Structures are given as C-alpha cells and as structure tokens.
Amino acid sequence: MKNIDSFTHVRGESLFVDDLILRQDALIGLCFDSPKAHGKIKSVDYSKAETLEGVVRIFTYKDILGENQIGGIIPDEPLWAENEVHFWGQPIAFIVAETEAIAKKAKALISIELEELPVITTAKEAKEKGSFINAPRSFELGDTTNAFLACDYVFEGETFSNGQEHLYLETQGCYAIPQENGTIKLISSTQGPTIVQKTAAKVLGIPMHKIEVDVIRLGGGFGGKEDQATPWAVMTAVAVQHLNRPVKYILNRHDDMRMTGKRHPYTSFYKIGLTKDLKIKAFEAEFLQNSGAAADLSPAIAERTLFHATNSYFIPNVSTTVFSCKTNLPPNTAFRGFGGPQGMFVIESAIADAADKIGLNKRHIQEANLLAENDEFSYGQIATQVEAEKTWFSAKEKFDLARLEQEATAFNKENKRHKKGISLMPVTFGISFTNTQMNHARALIHIYQDGSVGVSTGAVEMGQSVNTKMLQVAQSVLGISPAKIKLETTNTTRVANTSPSAASSTADLNGKAVEMACNSLLERLIKVAAKTLSVEEKTISFQEDFVFVDGEKSSLAWEDVINQAMIHRVALSENAHYATPKIHFDKTKEKGHPFAYHVYGTAITAVTVDCLRGTYEIDAVKIVHDFGKSMNLGIDLGQVEGALAQGIGWMTMEEIAYGEDGRLLSNALSTYKVPDIFSAPKTVETIPLETEGNDMAIQKSKAVGEPPLMYGIGAYFAIQQAVKAFNPNYKLKFHSPFTPEKVLMGLYEPLS
Ligand code: MTE
Ligand code: HPA
Ligand code: MOS
C-alpha cells in the first residue's frame, strides 16, 4: 500500500500548520533572542518597539503566570531568559503584532545591554572547566583493567563527530487559538503533543485539560521536534492567554537554524585491546557530549550512546562513561539515532585504528567479533534472535564482496588519480525508549453507523508513514478495505498522555494498541454476525468487507453487521492501551533488559575519491537489512534510503560551525551543505533479510526509522580506505565529517 498521504502531498494539498486559514483576528508572533552566547542582561529597552503601530504586545518572563520553565528531564531551561543568557539565539521576549513585517520591524527596534561572560563552545573545554549538565553515567561489563593485560594489541585514540542540522522541510511553528473559558487550542508541529500540552499548562499555570494540542502532520521531525517544538507553542499560548486572540508563530529557516539545537557533537577517547586471533577482549571509551546550554534530552541521548557503544560486536570487557558537557550553544537534542550513531562511530574508529596498525583490513576484526546468540550486552541484556552474522555474511555473499574488492584493487592499480575504497558497516540498534516508563500508547477507534472507521492514536505522522501502517493494522484486523478507514489528526483530547513519536517505536506501540482495540471490536461484531446468521461464533470471520462463515463468503456485508450492532445497541467505539511487556532497566545498577528487540543489518559501501580534487562519489551502498516481516516494504525501503542519505550527510559533508564567540556560522543553506541528488550514492540496493520477524514488533514488522542511518558511517571508512590507497603515509584520523577539504589534506600529508 502506498503512503496514504502521497496523493495530497504530490498535489500540494496536504495541510501543515502554516497552511491553515487564520481567524480574522489572528496575530503574528516573533522571538527577540540573545545576540550573544553568554552574558548578564543589564537592560532591555522595548519602548520603541512597543509604540510601533501594529505591535500589540511584547511578552517577557514577567508575563508568565505559571512557571518560567520548559525543561523536560531537568528543569534548567526558562521559556524566556530572565537575568542571564546562555546561548546565542536564546529567546528573551516575544513580539506579537498585526503582521510579520511589523513584528520584524519591532524586533530591530529593541535594544539590549549585556555584560558578556566567557563562552564555552566545545565539550572538551566544558569538561576541563567542570561544566556539566548532570553526573556522568557508566556501563561496565567484565574487568577491562585485567583484560587489557592479557591483550596482544592495545590501541588508544581520540575521535570527533560533529553535530547535524535537522533541516526538516517544514520549520518549527504553532498556531494557537483561544476557545471558551480559558481553554487554548494549539495546532503544533510537534512529535510530542503531550509534552507541548504539559509544558504549556505548567508555564500558563492552568490545568492540562485547558490545553488541547492538535497535530495534523509534520513536514519532517527527525527528532528535532521531540522536545524543541515546545517553546514556540508555549509562547503562542502565553500570548493567547493574555490577549484572547489567535497567535501564529512560524520560524523562518534562518531563525530555525540559529535558535534550535542539533545532533550532539561528541569528542571521545577509546582504548581497544585485542588478542592475536583478532578477538576484541576489552574496550574502554569516554564520551564527551556537547550538550549545549540546557539539558533538553541530552541525558537520555547520552545513555543511548552507552547502549550502542559496542555496536554489533560482543566484547566481554567493557567500560564506558559519558559526560553531558554544558556549553554555550543552543541545547542539542534528539536526532535520528539518538546518540547511538555517535557511539558507533567511536567503536568503528577504534577497530579501523587497530586494523591499520596491525596491518589488515578492518573487516577482519569486525567479522571476528560479531554478536552471536546469547551474548551479553554491557547493559546486561542477553542478545536473542540475533541476526548480526546473518546480515553480515549474506551481504558479503549476495553482493559478491570478493569481486567488489578485486575490482577495487585492480582499479587502484591502474588509476593514479582516482582511488576506490570499500567498507562494511554492521548495525545493531535497540528498539524501545530507553526510559522504560515511556513505552506505552493508546488507540481510540470509532466505527460510525455507516461502517466507516475513524482511527485516533498518539502517533504523529512526520513522513515516516506511521498513519499508513496504522491503517493497515486496522484494515487487516477488521477485514475491511482501506477506503473505509480514516486516520484522524493526533489530538490530546482524543488520545491522552502520549509518549512522543520517537525511538523508532511509534508504529510498534501505537500499532499494538490499534490491534488490541480492533480485536475488541471484532469480538463484539462476531457475536452480532453469528446471531444475525444463526451460526456459531467460532465459524465467523471478517474478510473483504463481508462476513465469512467457515471460510465461505456470506451475504452479510460489513455495513449490515454495523447496522445490526446499532440496532442491538452494541458499542462501536473502543479504546486500548498497550505497554511493552518484558522490558526493564535498573539505573542504580545500569543493568536490565531495556529493549523489546534489536534491529540488525550490514551495509557495504564503495566510494571513488578524486585524488587531485579531494572530492568523492559514493558508487554504491549495498545493504542487507532485518525488517522482520515487513508490513510495507515500499515504505520501509524508503526509510532505509532516507536514513542512509542522512547518515552519509552527517559523516561526509554536513559541517556545523560555531565561532569562538558561540555564533552559528553555518546558519544558512549557502554555508551548510546537505546531501542532494548529486551527492546521493549512485546505487542503493537493499535486500531484506529472510527471517521470521519478531512478535514484539507490530505484525512482526520491525521498527525501521532510525537504524539505517548508521549505515552512513560506512561512507567515512570507505573514503578513508581510498585515501590510504593513494597515500600510504596517511595517518588515520577520526574526525567527521570527512569533507573534501579534509580528504585533500589527507591525500597529501605530511605536507612539508
Ligand atoms: N522519516 C521521515 N520521512 N520524516 C521524519 O521526520 N523521523 C525519523 C524516522 N523517519 C522521520 C523519519 C525518526 S528520528 C524517528 S525516531 C522515526 O522516524 C519516528 O517514527 P517511527 O517511530 O514511526 O519510526
Ligand atoms: N529514543 C528517542 N527519544 C527518546 C528516547 C529514546 O530512547 N528516550 C526519550 N526520548
Ligand atoms: Mo527520533 S531521534 O527518536 O525522533
């Protein structure tokens, strides 16, 4: 089945927040934000702006009737700065005016006096100065100290991976509309409707039932709207509370890039120990996460870095620690992979380093250490239904790695100016929110009396096609055609207390709830049908919009059964709650079983480097991916390709740059390069792993949103291979992105 939004998307008819027709009395909001990265606010002069014609009001923290606090995990972030600013772009005030042009003019009329304070932009500096978000976390398995003593090889090194701009097509924004009796409706572009509702209620000082959050769909979120869609929604809500008029605020691209957090840059240190047979016996890593100026989701992201620090490998002795380092950057946040990619880059770097120094291809070490059934992760979970080796070896075989490597070797012999490189990248990614209590969802299903069905869940559609999957679940359980089913907007008054749509778990959690609700409805309808047809209940099934008796189509149509149900006063609505069974995690011991299951896969990446220019092309990425039993292969392949492109972008070209003063330099699409069609791999081939699937996944179809991003890490190491092929003196560096500039330097080092 195609994505159910594809028709309106292609015709430009799909609605996003900025497409909504505003009420006649609606106003436009705009943030006034900090022009420096760190300082004490001496004074702000709003007088000129306030008297500008068309300016309705300028809000500051003084107008907050509840708490000036939007921090989720840790309450360390004000909605509007009070006496100090901690990052360039931090919101200080909110201008509400008749038009956007007036609001912009007013913004230019505000003057601020700051006493500047020292600025920290790197995690390393923050660590040296003892500037942290919270206490560090450590995962331990075995005894690394003793294990290193028994190793034949021990290598140590440092890595850096840069941040990443989400660049969702639709920028952040919200349209807030006053309702009756102090109730406010927020039409928000958020992955977390309940987070917005809860935070707005807290800041406004009103109960949650006075805030209704509605999400139509997002033009992409990628984690950037898990927590960071909240401030703009809350600002518009504060304005509505005071003005009793609708207020809309949509960030322009430049402001969105400047003011919002990104993927966390990480500086990391590793120590890896191997025996002669290439078994990794010990691994230590210290991760310095550049968290930015407030916690946001950093502690949870830091935790996931530890969960994925050994990627697809079994290592019996592990000691990893992560520090969330407080700097003067916008608070960094969730981004597809959620700290996992940063962790995996480090172990892959350590393996590449070891291979280079021992003098063999990295893949030999990778292959010797792949995770097997019943291996223990450093966090205590025992790996089951492991597909690491299976995806690895089928990738090698199905894509004929031996031939690819021979061709590359031959090519490199013949060509002076161009060199090819090949890498393998296995991925193992845990599915579930690492915070066990977040793993639940609900669905509310109405069957209307004409037989049409409305499905509401807590899932937010952001392009990942979760609505299509929800429709497929309802349709398959009820045995009716897709046209009978409509997916409703995500709304806090219909489905409450939702977890954000994140952690690749949205389809699993909400899909299981849809399945449960539909099964309850089905049970009732089977009774109605059996009675109507005077047959036994166990003979009844629903298929193809009809009742089937003992597998034979009857004359009783779906609509007839619904009609009978109405006559017999049978409830045609159902609400179901799903909470992932079996998972648990004890943070005091850092042990448990946090993931419902893992997703596995292996990518082979082949690149060609132009050794005169330092530019490169990705020739091919060939993947064997564990979809389980995919319920929609078209959609799932799309997720693999999209995530791969994002991963390659992060590893090769997307270069976030801040000045020493904490100002974002890569603040527009002219200075921040994202992959386009010209930089996309020339071929992407994905073969689904043959497997039975996993019962913990919705209809055995495994979560797919984030895991394939990490295949992109393969591009870094393939380029590295090619550089080394040209310049045997090249000293491996683990500093991503591997931009053409860095490639060029590497090709000709050491420069005398
Ligand atoms: N795909 C599209 N098109 N747009 C998105 O914003 N977000 C990704 C991934 N795929 C995203 C996407 C992220 S970060 C996550 S966690 C998952 O989708 C969330 O959706 P799921 O849980 O339904 O997989
Ligand atoms: N993944 C994504 N988002 C999250 C998580 C997670 O594990 N925990 C909290 N938010
Ligand atoms: Mo995805 S980073 O969990 O929104």
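Predicted model: local features only at pLDDT ≥ 70, side-chain atom pairs only at ≥ 80, totals over all residues.
**Helix α19**

Helix α19 spans residues 740-747, and its buried residues are V743, G746 and L747. Because these residues cover an arc of only 100° around the axis, they lie on the same side of α19. The cover over the buried residues of α19 includes the elements β27 (597-610), β28 (616-625) and α18 (713-726).

M745, which is found in helix α19, counts as exposed because its relative accessibility is 52%, the cut-off for that class being over 50%. M745 also belongs to a nonpolar patch on the surface, which it forms with L612, L744, Y748 and L751, and the accessible area of these residues together is about 490 Å².

**Nonpolar cores**

The largest nonpolar core has 100 residues, of which I272, F283 and I713 touch the most other members. Helix α10 (residues 340-358) supplies the largest share of this core, with nine residues. Another core, of 54 residues, lies apart from it, and I58, V96, V234 and A237 are among its members.

| Core | Size | Residues named |
|---|---|---|
| Largest nonpolar core | 100 residues | I272, F283 and I713, which touch the most other members |

Note on methods. Residues numbered from 1 in each chain as written. Chains lettered and ligands numbered in written order. Heavy atoms only, no water. Buried < 20%, exposed > 50% of the residue type's maximum accessible area, 1.4 Å probe, protein only. Helix = DSSP H or I, 4+ residues; strand = E, 2+ residues; numbered from the N terminus. Arc of directions from axis to C-beta. Contact = heavy atoms within 4.5 Å. Core = buried A, V, L, I, M, F, W, Y, C linked by side-chain atoms within 4.5 Å. Patch = residues over 30% accessible without salt bridge, like charges linked within 9 Å, V, L, I, M, F, W, Y side chains within 5 Å. Areas by Shrake-Rupley, 256 points an atom, 1.4 Å probe, with all protein chains shown as cover. Salt bridge = Lys/Arg side-chain N within 4 Å of Asp/Glu carboxyl O.
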